[in-house]
Amino acid sequence: MKAAKIVGSMLLAAVSVRGHVVPQARDTPVDDLAPEEPSSLTALLEEAKAQIIEEISVNERKMRKRGLTPTCTVSKLRFRREYGSLSTSERLAYVNAVKCLQALPPRTPASVAPGARSRFDDFVVTHIQQTLNIHYSGNFQPWHRWYIYQYEKALQDECGYTGTQPYWDWPKYSSAPQDSPLFNGDPYSLSGNGEYIPHQGPVIVPPPGVGGGNIQLPAGLGGGLVTTGPFANMSVNLGPVGGLEGVPPGPLGGLGYNPRGLRRDIGPAMNQRYANWTTILTLLSQPNVDAFRYVSEGVPYTPEIGPHGGMHYNIGGDPGGDLFTSPGDPAFYVHHGQMDRMWTVWQALGTPFSSTRYTDLGSGPYAHQTWANEPPSPLTPLTEVLDMGYAAPSTTIANVMSTTGGEFCYFYL
């Protein structure tokens, strides 16, 4: 399907609201710059949480009647929380765990990626190697759910972190994300913005073999090296691979050793354009997974890049602005925490106890095994393996479709 057709489908989906009806912005205006979430969104989030707790309770009763012990119960359910809602001690514990992961030796052999110098880098390598197979394809959401979970487990099991993976509630700080608890540069943040360098904004270019044209994006308020906060002196070892005009690739296709400082280009323009309160309400109101993904991921290499791409490029800089190497910035994981939160909540808002949202990967162009189904490929099956390379164990899509099934027992506050 060509971009124009996808855009048409996306725009249609945005107004085809069924099930949990959310009025469109023209009927019920939302203040997209307000730090407080709209009451209509609060109601949806509470409904989703109540639905999940009820489903877990019903399943537990059924299993215990059969003499079985459920792996996920209400008492075991853990909640991932918004970064700014954590206490300073909780944020510091998370930051220290990430720094611990960056200090541990890698598991990736030097023969595979000589640039990998830490356990943190193991996750970057896996993403670099699979980028073109895990975006705009049927495994995108399941792959990243398992990836974030395994990163969370590494922080817990290898670095003694006792909390859960926090997320970045995009609209909450959209008027000034650079001043948010995530990026204000204090000791409890994920470090600050890059130093300001006058520039026109990045131009993203499609990877080789992928259709689409170059896109000029608005500039952030940074662009230079990060000089404040816990990660001001971190070394970005891998990448870049490509995707930004004027940025040459690193050695060995991004897998070679290329030490450099962390750069960011955070600002309100991208946040307000691609990830405001209206975006969230529209996303959660979609009737099926194909429509959900059009809103969430937009259309590759058109200006409609959705909150997924929009907020990656809102982090920007290096490695955050590189599609392949973006997990090299610790902010990647709070962004994809929010991505998983949106999918998790949307799944919970389906028909109680019989929702296909836990089994359906869709039938549109993003449901296939290739990038936006180009070249044409089969639909992605639930039996497909989610390969984590040397970073973590692999599993299948079927095992990760519910955050309260399989190994999982978590939801979001």
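This is a predicted model: local features need pLDDT of at least 70, side-chain atom pairs count only at pLDDT 80 or more; totals for chains, interfaces and linings use all residues.
Student: Let's start with α3. How many residues does helix α3 have, and how far does it reach?
Tutor: Helix α3 covers residues 88-103, which is 16 residues. From its first C-alpha to its last it reaches 22 Å, close to the 22 Å expected at 1.5 Å a residue.

Student: Which residues of α3 are buried?
Tutor: Arg91, Tyr94, Val95, Ala97, Val98 and Leu101. They cover an arc of only 155 degrees around the axis, so they sit on the same side of α3.

Student: What covers the buried residues of α3?
Tutor: The cover includes α4, α5 and α10 (331-348).

Student: And which exposed residues are on the face turned away from the buried side of α3?
Tutor: That face carries Ser89 and Ala103.

Student: Now α4 and α5. At what angle do their axes cross?
Tutor: Roughly 170 degrees, and the axes come within 11 Å. An angle over 145 degrees counts as roughly antiparallel, so α4 is roughly antiparallel to α5. Helix α4 is residues 119-130 and helix α5 is residues 140-159.

Student: Which residues of α4 and α5 meet?
Tutor: From α4, Arg119, Phe120, Phe123, Val124, Thr126, His127 and Gln130. From α5, Trp143, His144, Tyr147, Gln150, Tyr151, Ala154 and Glu158. By class, this contact of α4 with α5 has 7 nonpolar, 5 polar and 2 charged residues.

Student: Switch to α8 and α9. How far apart are their axes?
Tutor: The axes are 3 Å apart, at an angle of about 20 degrees. Under 35 degrees counts as roughly parallel, so α8 is roughly parallel to α9. Here α8 is residues 289-297 and α9 is residues 306-315.

Student: Which residues make the contact of α8 with α9?
Tutor: Val295, Ser296 and Glu297 in α8 meet Gly306, Pro307 and His308 in α9. They divide into 2 nonpolar, 3 polar and 1 charged.

Student: How many residues of α9 are buried?
Tutor: 10 of its 10. Among them are Met311, His312, Tyr313 and Ile315.

Student: What do the buried residues of α9 pack against?
Tutor: They pack against α5, β3 (203-204), α6 (268-274), α7 (277-284), α8 and α10.

Student: Which residues other than glycine have a positive phi?
Tutor: Leucine 252 is one, with phi near 55 degrees. Asparagine 373 is another, with phi near 60 degrees.

Student: Buried or exposed, for leucine 252 and asparagine 373?
Tutor: Leucine 252 is exposed, with a relative accessible area of 61%. It lies in the loop between β5 (223-226) and α6. Asparagine 373 is buried, at 16%. Its loop runs between α10 and β6 (385-386).

Student: Where are the cis peptide bonds?
Tutor: One goes from glycine 239 to proline 240, with omega near -10 degrees. Proline 240 is in the loop between β5 and α6. Another goes from glutamate 374 to proline 375, with omega near -5 degrees. Proline 375 is in the loop between α10 and β6.

Student: Last one. Where is aspartate 31?
Tutor: In the loop between α1 (3-15) and α2 (39-65). Aspartate 31 is exposed, with a relative accessible area of 51%.

Key: Residues are numbered from 1 along each chain as its sequence is written. Side-chain values use heavy atoms; hydrogens and water are left out. Helices (H or I, at least four residues) and strands (E, at least two) are DSSP runs, numbered from the N terminus. Buried means under 20% relative accessible area, exposed over 50%, partly exposed in between (1.4 Å probe, protein chains only). Axes are lines fitted to C-alpha atoms, for helices over the stretch in contact, and angles run from 0 to 180 degrees between N-to-C directions. Angles under 35 degrees count as roughly parallel, over 145 as roughly antiparallel, 65 to 115 as roughly perpendicular and the rest as oblique. Contact means heavy atoms within 4.5 Å. Ala, Val, Leu, Ile, Met, Phe, Trp, Tyr, Cys and Pro count as nonpolar, Asp, Glu, Lys and Arg as charged, and the others, Gly among them, as polar. The expected span of a helix is 1.5 Å times one less than its number of residues. The arc is that of the directions from the helix axis to the C-beta atoms.
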